[in-house]
Every structure is written in structure tokens, then in C-alpha cells.
Amino acid sequence: MSTTTTEVVQDVIKEVPKKRKPFLSKKERQILTDPLDDANPITVQVLGLCSALAVTTQVKPAFVMTLCVIFVCAFANLVISLLRNTIPSSIRMIVQLVVIASLVTVVSEMLKAFQYELSKQLSVYIGLIITNCMVMGRLEAFAMSNKPWQSFLDGIGNGIGYGAILIFVAVFRELFGSGTLFKIQIIPQFVYDFGYSNNGLMLTPAAAMFLIGIFIWWQRARKPKLIDIS
Amino acid sequence: MSDNLKTIIYAGVMTLIVALVLATMTSVLRPIQKVEEDRDKKVSILAAVEFNEGMDADKEYEQRIQEVVVNAEGEKVENTKAFDIDLYKEGKKPIEERAYPLYIYTADTEKKKYIVPMNGMGLWDQIGGFLALNGDFNTIDGVIFNHVGETPGLGAEITEIWFQKQFKDKKLKNTSGTYVFDVKKGTGNSLDEYSVDGITGSTITGDGLEAMMKEDLGGYESYFKKLVNQELIESGSGNKVTFDRDILQAAKDFFGLGKKRLENQIYFQDRSSIITEQSYDQIKTLVAFLKTNPTKRVKILVNDRKDESLSMRRAESIFAYALQQGATEGQLTYSGIEDRKSGDRVEFELIN
């Protein structure tokens, strides 16, 4: 009698599928996805605008800039979070700056060694990641008071959110300002022959300003709760 | 341990770690970066003449560019590599001491272009570039500019293609030989062959660029004059020698009017066989004659009233110098004699 019961119990246990533990908890997934829309660093937190205007004339530099910012933000967050309980309060900001500056230097030198052409195009702007309010902002707001893994994810999330806006702007500016995307000619020649010409305004930072403004407008229209949030 | 001390130690340790990491990384990456920078420089040099996105800069450079270093006098300078010269440093030296690098480009058509590197001051910091000149050393074939810290959208526009394209086929000097090229304010200068449009709002950068061109090109004046004056002669024996045009002209009359024997003004240092510098041109003219008449043979005869061995040494000296200047050995013989009756002299005798 007992053997049949155990057999039945074992069959039941086998049938219930083993619930897999997800790689990221719900909270962690939120850390990654919030900055994409609800807490977007550029359109909601209004940080990091300068480079959004400067490097978005073409998609390729915008893309590389995004990768660099994700790297810097994520690892700066990680390092500061690891050190958060050791940093003497009087030199808190200085330590943060040193970490950011060192990481940016690493990125800049790596770029010069392995992507020389791109480093020339991005020259000043890579160095300016140090001054990107978003990086410092996340250190203060998140990394100083959260665990390393979460901080790392927060850095990645914000970097991606920042990148999303950058690439959005860059696609418009490159497509309408030069007719290309990633330097590949998109608008065919016959359209130019018809009288179409590239929009020169798109090549200026002013265009980036307009595009971001329009994006913010669209975002607030979708989610009224974001109006007046910043 | 007091708080202050802890803070200081913390800062010190952090600084040490950061310094160590960055220093290590930099020393590892530096050689790789140098390769990239060098290639980029080669691309810039080539871009003054041609620009193809897909070209192998190293190969093109290897095949088409000849590096030369000259000084303000127009003489070639040996033992210095043109590519490694730091123009900014050279610019600080007095003109007599400067080394001027030059890149001579040979096109598929065998035509040569002369690429001059430039370095000067813009509004905020250094500007530079490469300028390619045609064989007349006056017409610009192309140009490429770079800068360190000019204002984006204003002075920085000198790197844009539209600005650089304007320079093609413009001339530096007018027909009277005066340097007149300038970067003019405003637009509409495309028809003027001695100027280009400046960039609105970047007058100082434009002025700096203009001054840089004039000064840097000026250093090559003497060398270009020499090149213009020279012609390349290839004799029957196959070796090519360059001669100044005036020497070639003199060579035409060397044994003119049916003369077979020529007494020449070759001077030696007192009682020695060392030829004085003022005599060099005479011997060069002889060599030019031999080169343009590869079937002729000439005998060098030196006479000294008292010393046969001296006249022999002197004749040999002339022979040696002639060979050094590119003469073919088979076209020359020499001898020295002692003749009390005729004066100390040097003669060139046409044998056939």
C-alpha cells in the first residue's frame, strides 16, 4: 500500500514543472527598463543633453558614443557601489569624479588604439563624458545607496535609455541631413534628380533640440503622468 | 586614526591605484596608437593629391611617395627622416637651422606632385595641413587641413571638403612672380585664381591659414627654384643625371665651332691637387657635354712647369670629380705632363 502512495506522490512531483529562477528579479528588470521610457535620462531626467546635440549628426558616432556611455556609467556605478561604504564623506564627489575620469580615459585610449578614425570624429566628445551630468547623477542618486549588481544594471539601463534617444535623433538627422544611414546611401539618386535636396538644418545642433522637444511632447502625450515630473 | 588622516590615506591609495592602472594601460596601447597615427598621417599626405576611401594607405605611400628633407638654401639634408620631423619644433628654430620635409608624389602618369606639410596658428591653437603643388610649383593640386582646437562650425570648418576643394587649380604667385594668394572674406571668389572664400565668422583662423601657407611654402623657394632649373639626362650607359639648365646650355657650346682643344679655367689650391669650388661648374659642364654626346671621348691634360707628379695628380683629381658628377668612365682619359715652355694649364681635348 505504502509503495503505491509513494509512487503516486513521486509521479505528481515529477509532473509539476520545476519553476526556473529568472536571471533578473522583477525589481532588477525594472531597473533596466525604466530608463527606457518612464525615467529616461534625457527626456525625463533632462540630463546629458550636450552630447545628444553634438554627436547625433550621424548614426555611427551616436552608436559608438552610446556604447562608451553604457560602459562608463555601468562600471562607474559598479565601482562606486562597491566602495560606497568606504568613501569618506568629505571627498565623496572627488572620488566619484576620479572613477569617472579614469574610466573615460580608458575608453578614450582604447578608441584611439583600435578605432582611430572614429576617435578622431568623436575626439572632444568622449572626454566630455566626464562632464555628462547623467553619469554623475546616477552615481549620486543610485550607486551611493544600492548594491553593486543593481547599480551595474542601473548604469546599463540608463546608458541604453540615453542611447535610444541619441540614435532616434541621429537617424532623423542623418537621413534627412545627408540622405544616408550608417554612411550607406538610403535616399536613391532619382529622388535628388526630382529636386529633393538634403535638409541643411538637420546638420545643425538646433535640429537635435527640435527633435528632442518633439519626442518629449509625444512621450508626455502617451503618458500624462510624466508631465511636470522634472 | 583620526578622520582626516583616514581621508588622506584613502585619497592617496586611490590615486596610486588609478595612476598604476592608467600608466600600464597607456604604455601597452601606445605602440598600437602610433601605428594608427602614422597611417593617418600617410592618409592625410595622400589625401592632398587623391582620396579613395578604400585605399591601402601604407601601400600607396610606399609606392608613390618619396621623402626628401631640404634646408632654406635648397640643399638636401641627409640623415633626417621627413616623416618624423616635428614642424612645430622646427618652426621655433631660426630659418637657417630648419629642416623642411617634402613629399614627392608620382602619379600613374609619371607626373610628379610636391606635397608640402604646413603648421601654423589658428585662433585658439595650432592648425596644419598638407598642400600639393604641381610641377610648376605655383598651381595648387589639392590641400588638406587639420586643427587642434578651432571653434566647431567656424574655424573648424577648414577641415571640411567644401573649403578644401576651393584650392584646386588656384595659383600662389601672379605672373610677375609676387606671392598674392589669400583667403578672402565673403563669397564669390571662385573665379579669382589667386584666392578662395573664407569662412564666415572665422577671420582669424583664415588669416592664420593664409600666413601659414605663405611662410611654410616660402621655406621651399630655393629648392623649388633648383628643381625648375634642372633637367634629367639619361645617357647611353643608362644612368640618369640631373643638370642645371644653364650648365646644359653651356655644354652645347663646349667644343663649339669645330674646336678640338679647350683650355679651361680649372683652379687648384696652392701646389696641391685639390680643385677649388669655383672650378666645379666647369667640370660639371664637361660632364653635361659627355652625357649629351655619349659617343664622344675627351682627354684631360694638365701641365705643370716644374712637377710632373703634381700635374698627374691634378689630372686624376679632375677625372675623379667628373666621375663623381656622373660621367661615364669610358668617355674620359687623363694625363699630366711637365713642360717648362708652356704655362701651368688644364686642357680638355676632344679625341673623336
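The model is predicted: local features need pLDDT of at least 70, side-chain atom pairs count only at pLDDT 80 or more, and totals for chains, interfaces and linings use all residues. Residues are numbered from 1 along each chain as its sequence is written, while chains are lettered from A and ligands numbered from 1 in the order in which they are written. The model scores ipTM 0.71 and pTM 0.66. Where pLDDT is low, the predicted coordinates should not be read in detail.

Chain A contains ten helices and two strands. These elements are DSSP runs numbered from the N terminus, with helices (H or I) of at least four residues and strands (E) of at least two. Their order along the sequence is α-α-α-α-α-α-α-α-β-β-α-α. Chain A has 230 residues, of which 36% are buried. A residue is buried if 20 or more other C-beta atoms, placed from the backbone, lie within 10 Å of its own. Contacts (C-beta atoms, placed from the backbone, within 7 Å) were also counted. Among those in chain A with a separation of 6 or more, 77% join residues 24 or more positions apart.

Helix α6 of chain A spans residues 116–127. A:Ser119, A:Leu122 and A:Ile126 are buried in this helix. Viewed down the axis of α6(A), the buried residues fall within an arc of 100 degrees, so they line one face of the helix. The arc is taken from the directions from the helix axis to the C-beta atoms. The buried residues of α6(A) pack against α4 (59–83) and α5 of chain A.

Between the chains, twelve residues of chain A are in contact with 15 residues of chain B. Helix α5 (residues 92–114) of chain A supplies the largest share of the chain A side, eight residues. By class, that side has seven nonpolar (Ala, Val, Leu, Ile, Met, Phe, Trp, Tyr, Cys and Pro), three polar and two charged (Asp, Glu, Lys and Arg) residues. The others, Gly among them, count as polar.

In chain B, five strands form an open antiparallel sheet in the order β1-β2-β3-β4-β5. Strands pair if DSSP finds at least two bridges between them. β1 (65–70) and β5 (140–147) of chain B stand at the edges, each with a single partner strand, so one side of each is left without a neighbour in the sheet. Strand β4 (residues 126–133) of chain B pairs with β5(B) in the antiparallel sense over seven bridges. B:Ala132 stands opposite B:Gly142 in β5(B).

Notes:
Buried ≥ 20, exposed ≤ 12 C-beta atoms within 10 Å, placed from the backbone. Contact = placed C-beta atoms within 7 Å.
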